[in-house]
Amino acid sequence: MPKLAKVKRIAMDEIYQGKKLGYLTIVLDLQRGAVIFVGNGKGADALIPFWKRLKRSGASIEAVATDMGPAYISAVQSHIPQATLVFGHFHIIKLFNEKLTKLRRDLQREAENGLGKPILKGIRWLLLKHPDNLDDARNERQRLEQALKLNEPLATAYYMKEELRTIWHQSDKTAAQNALDERVKKAAASDINMLKQFSKTIAAHRSGILAYFDLNGLSTGPLEGINNKIKTLHKMANGFRDVEFFKLKIMALHETSYVLVG
């Protein structure tokens, strides 16, 4: 097991590995890029063994990058209250995308019930894509723009998402704070319930979002990269039947330049 005494900054998240393995909770040492814990399941209970090991190690954790899930927030505040919580921008955009998908689905249903043209069908992935990644050869940009022109609520929510991304590209914390407050105010003033609710969520987690700038861009980004490696490892092994063996493979990811799939 990796030593925890010198660990200062960590990221935590869960990853779904199919019906056989279910969820695994991953904790990453952000300084070394090493997985230091793999727990069974998700949520606060999955982290209980980690907190015990951390307490025995005497480590003093300065910061934790995670999502805005209440279970993680409560666990961190209970076990390492001195640590600064940082809410990763990946998770915030992911949450917004989930809300955007539901909004599109609701608007599509309304259009179909009113016998309107089903223009919103088939554009789900276009809404979730970064604008720079839209494929002009497949007319993706044109299809998306056509759908947005014909549906004002969806267009408002979509462009709000793109504005939200810019918060983490600001030059400093003050600029980011102003940008964040502006986005929250704009969303709260809209006629779209999804945006109103999301604005409340963002406002409630404001300090954790802006902590990104206090900690030199600390985020869950490196853990997303590890999660992708775990998915590849699982796929190459055609699924592990032994959970403990798979967990050992995950813990060794940072030590190898290639994947062993015994």
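**Exercise 1. The pairing of E4 and E5**

Task: In this predicted model, determine in which sense strand E4 and E5 pair, and over how many bridges.

Solution: 
1. Strand E4 covers residues 63–66, and strand E5 covers 84–87.
2. The two strands pair in the parallel sense, over 4 bridges.
3. For a residue to start from on the display, take Ala63, which stands opposite Thr84 in E5.

**Exercise 2. The sheet as a whole**

Task: Give the strand order of the open sheet and name its edge strands.

Solution: 
1. The sheet has 5 strands, in the order E3-E2-E1-E4-E5.
2. Its pairing is mixed: E4 and E5 are parallel, whereas E2 and E3 run antiparallel.
3. The edge strands are E3 (34–40) and E5 (84–87), each of which pairs on one side only.
4. From one strand to the next, the twist averages 25°.

**Exercise 3. Strand E3 and its surroundings**

Task: Describe how E3 is joined to E2, and work out how many residues of E3 are buried.

Solution: 
1. Between E2 and E3 there are 6 bridges. Leu28 has Val35 in E3 as its bridge partner.
2. The two strands form a hairpin, with 4 residues between them. In the turn, Gly33 has a positive phi of about 70°.
3. Helix H12 (residues 243–251) lies across strand E2 (23–29) and E3. Relative to E3, helix H12 runs at about 160°.
4. Of the 7 residues of E3, 6 are buried, so the strand is largely enclosed by the rest of the structure.

**Exercise 4. Two partners of helix H7**

Task: Classify the packing of H7 against H9 and against H8 by axis angle, and list the residues in contact.

Solution: 
1. Two packed helices are described by the angle between their axes and the distance between the axes.
2. Start with H7 (residues 152–165) and H9 (residues 193–204): their axes come within 10 Å and cross at roughly 25°. Angles under 35 degrees count as roughly parallel, which makes H7 roughly parallel to H9.
3. The crossing of H7 and H9 is left-handed. H7 contributes Thr156, Ala157, Met160 and Leu164 to the contact, and H9 contributes Met194, Leu195 and Phe198. By class, this contact of H7 with H9 has 6 nonpolar residues, 1 polar residue and no charged ones.
4. Now take H7 and H8 (residues 173–188), whose axes also come within 10 Å but cross at roughly 165°. Angles over 145 degrees count as roughly antiparallel, and H7 and H8 are therefore roughly antiparallel to each other.
5. The crossing of H7 and H8 is left-handed too. Here Met160, Glu163 and Leu164 in H7 meet Arg183, Lys186 and Ala187 in H8. By class, the contact of H7 with H8 has 3 nonpolar, no polar and 3 charged residues.
6. Comparing the lists, Met160 and Leu164 of H7 occur in the contact with H9 and in the contact with H8.

**Exercise 5. A glutamate in H7**

Task: Decide whether Glu162 is buried or exposed.

Solution: 
1. Glu162 is found in helix H7.
2. The relative accessible area of Glu162 is 15%. The cut-off for buried is under 20%, so Glu162 is buried.
3. Glu162 and Ile93 are 69 residues apart in sequence, and their C-alpha atoms are 9.3 Å apart in space.

Methods. Residues are numbered from 1 along each chain as its sequence is written. This is a predicted model: local features need pLDDT of at least 70, side-chain atom pairs count only at pLDDT 80 or more; totals for chains, interfaces and linings use all residues. Side-chain values use heavy atoms; hydrogens and water are left out. Axes are lines fitted to C-alpha atoms, for helices over the stretch in contact, and angles run from 0 to 180 degrees between N-to-C directions. Angles under 35 degrees count as roughly parallel, over 145 as roughly antiparallel, 65 to 115 as roughly perpendicular and the rest as oblique. A crossing is left-handed if the near helix is turned anticlockwise from the far one by less than a right angle, and right-handed if clockwise. Contact means heavy atoms within 4.5 Å. Ala, Val, Leu, Ile, Met, Phe, Trp, Tyr, Cys and Pro count as nonpolar, Asp, Glu, Lys and Arg as charged, and the others, Gly among them, as polar. Two strands pair if DSSP finds at least two bridges between them. Buried means under 20% relative accessible area, exposed over 50%, partly exposed in between (1.4 Å probe, protein chains only).
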